[in-house]
Amino acid sequence: MGALVYDGESYEFDDRTVAHILAVATVKLRRREPFLLSWPTGGDQETRTSVWIDNAIPLRYEVGAEHVGRLDQAWLDELMEMTTRASGVVLP
């Protein structure tokens with residue numbers, strides 16, 4: 001199980017998801033292009049947590065590389081496209 005540590009708060013995701021978020025966020029942060037990242041929390045799909053990914057906010061990833069395998073280019077493209085939407089990146 002991987003984690004996204006955002007401004008000192010840790011959020012758990014599977015390693016594969018963290019690896020894809022890491023790849024997209026790295027590109028966006030290098031370009032100084034902040035974006036919104038949201039995902040479902042709790043037992044329902046109606047409650048979501050959202051964070052603003054920006055260079056000014058401490059961000060750390062924890063991922064077990066041996067559990068990731070190759071990154072899915074189609075998913076990376078989809079995530080990258082979502083960064084330009086007002087709703088931001090919305091994870092399933």
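Residues are classed as buried when their relative accessible area is under 20%, as exposed when it is over 50%, and as partly exposed in between. By this criterion Glu62, at 35% relative accessibility, counts as partly exposed. The structure described here is a predicted model.

In the pairing, Glu62 of strand 5 stands opposite Ala3. Strand 1, which spans residues 2-6, pairs with strand 5 in the antiparallel sense, and four bridges connect the two. These strands belong to an open sheet of three strands with the order 2-1-5 and antiparallel pairing. Its edges are formed by strand 2 (9-13) and strand 5 (59-62), each of which pairs on one side only. On average, and with direction ignored, neighbouring strands of this sheet are turned by 20° against each other. Helix 1 (residues 15-30) packs on the sheet and touches strand 1, strand 2 and strand 5. The direction of helix 1 makes about 145° with that of strand 5.

A further open sheet, also described by three strands, has the order 4-3-6 and mixed pairing. Strand 4 (48-53) and strand 6 (89-90) are the edge strands, and each pairs on one side only. Strand 3 (residues 35-40) and strand 6 run parallel and are joined by two bridges. Within this pairing, Val90 in strand 6 is the bridge partner of Ser38.

Four salt bridges were found in a search of the whole structure. One of them links Glu62 with Arg60, with the closest N and O atoms 2.6 Å apart. Arg60 has a relative accessible area of 45% and is therefore partly exposed. Another salt bridge brings together the side chains of Glu81 and Arg85, at 2.7 Å from N to O. Glu81 counts as partly exposed because its relative accessibility is 38%, and Arg85, at 41%, is likewise assigned as partly exposed.

The side chains of Arg31 and Glu33 also meet in a salt bridge, for which the N to O distance is 4.0 Å. With a relative accessibility of 51%, Arg31 counts as exposed, since the exposed class comprises values over 50%. Glu33, at 30% relative accessibility, counts as partly exposed.

Definitions and conventions:
Residues numbered from 1 in each chain as written. Predicted model: local features only at pLDDT ≥ 70, side-chain atom pairs only at ≥ 80, totals over all residues. Heavy atoms only, no water. Pairing = 2+ DSSP bridges. Axes fitted to C-alpha atoms, helices over the stretch in contact; angles between N-to-C directions. Contact = heavy atoms within 4.5 Å. Buried < 20%, exposed > 50% of the residue type's maximum accessible area, 1.4 Å probe, protein only.
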